[in-house]
Amino acid sequence: MSDAWLHIVGIGEDGMAGLVPATRAVVEAAEVIIGGDRHHVLAENLTAERLAWPHPFDALISTIRGLHGRRVVVLATGDPLWFSVGARIGRAIDPAQIVYHPQLSAFQLAAARMGWSLPDVETLTVHGRPVEQMIAFIQPEARLLILTTGAETPAQIAAFLTARGFGASRMSVLAAMGGKDEARFDGLAESWAHDVPAFNTLAVDCIAAPDAALLPRVPGLADDMFQSDGTMTKQEIRAVTLAKLMPMRGALLWDIGCGCGSVAIEWMRAARYARAIGIEPRADRRAFAAANALALGAPKLELIDGMVPQALHGLDAPDAIFIGGGLSRETFNAAWAALRPLGRLVANAVTLESEAELIALHKTHGGDLVKLSVHRAEPVGRLTGWRPLMPVTQWSLVKR
């Protein structure tokens, strides 16, 4: 690490006293220290030049690069590589130039306070992110540790829990852990009324009522969980479609003709950090998709108003593509050209004209062509009978 000039130091509520001697010496020898207001307070009585987080925060990398050749310390809370600034810096600057100095993370401290085993806990952050993204993790008997955005976040999460039938969930807000002002606030989601410090970590022990909404992250949510005008990929077909699309961590989906967003939203719910771009020319359906994304824990769904294939130009290259509407040879050619290696493409058709297009594409490009037929049991007078949904022709293939 002889080329390292940048040190990213995790610091806790106990400040400099909590650092191991070698790390403390690095901070004391720094020429420049970058951090938030609370970090500078925790590392006081030093002679280094002090810099605050830049505004906008995205300017941080250029600020750091401009200090190359000096002894630079960036202060972060706890573990700099666990939902913290260290990961962002490490993606932009050669890791050989960086030394990381981790401290106990908020998750480790919170798990110790709660007596929870970290491997059995979901660790999440909504700090600087849409708080709705935690909704996808609300499951019976799940335990969540959440880095929050501010004093208002626990009440927002309590409302999400209560609305979904998890009002009996136990919540604990842990603030200033490891410092002289450490505090804890306990309560139930349905009656949460605490005023808490802005800098806090939230622990949630999810407890479901008998009538709670069960929203598994495995694809195939019930149709009535989505607002729509009736035009959507139905539950059973959607589950098969997502299985062929293969959601993976951090992967990007293009949902062409996304309608109410059911496929894109389930894609994002199914894998950590999965992203999706929905292309939909109708404003009413984009509105449905936006509302569904917020309600079901996929607030980062990106929606584009446009017609394909023109609307595809300039988008990030996808790892998977679903064509649920707007199928044409021109659209397929543009989508296939943009798809990354090992990318998956799935196209569904319900009309004879679209089916004919899929059959022709299958003959040219190969892949799997299947006919999916679903019947649902429904009342027929006082009895019960099978009512068929429209059959769906599905074509899928992997780019190699």
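Residues are numbered from 1 along each chain as its sequence is written, and side-chain values use heavy atoms, with hydrogens and water left out. Because the model is predicted, local features need pLDDT of at least 70 and side-chain atom pairs count only at pLDDT 80 or more, while totals for chains, interfaces and linings use all residues.

**Exercise 1. State how many helices and strands the protein has, and what share of its residues is buried.**

Step 1. Helices (H or I, at least four residues) and strands (E, at least two) are DSSP runs, numbered from the N terminus. The protein has 11 helices and 19 strands.

Step 2. Buried means under 20% relative accessible area, with a 1.4 Å probe and protein chains only. Of the 400 residues, 47% are buried.

**Exercise 2. Describe the sheet that contains β1 and the helix α1 that packs on it.**

Step 1. Two strands pair if DSSP finds at least two bridges between them. Five strands form an open sheet in the order β3-β2-β4-β1-β5, with parallel pairing.

Step 2. At the edges are β3 (49–52) and β5 (98–101), each pairing on one side only.

Step 3. Four bridges join β1 (residues 6–11) to β5; in β5, His-101 is the bridge partner of Val-9.

Step 4. Contact means heavy atoms within 4.5 Å. Angles run from 0 to 180 degrees between N-to-C directions, on axes fitted to C-alpha atoms, for helices over the stretch in contact. Helix α1 (residues 21–28) touches β1, β2, β4 and β5, and its direction makes about 120° with that of β1.

**Exercise 3. Identify the residues nearest the centre of the second largest pocket.**

Step 1. On a 1 Å grid over the protein atoms alone, a pocket is an open set of points where a 1.4 Å probe fits, with protein on both sides within 12 Å along at least five of seven lines; lining residues have an atom within 4 Å of a point.

Step 2. The lining comprises 36 residues, of which Thr-231, Met-232, Thr-233, Gly-324 and Val-350 lie nearest the centre.

Step 3. Elements giving two or more residues to this lining are β11, α8 and β15.

Terms used
Buried means under 20% relative accessible area, exposed over 50%, partly exposed in between (1.4 Å probe, protein chains only).
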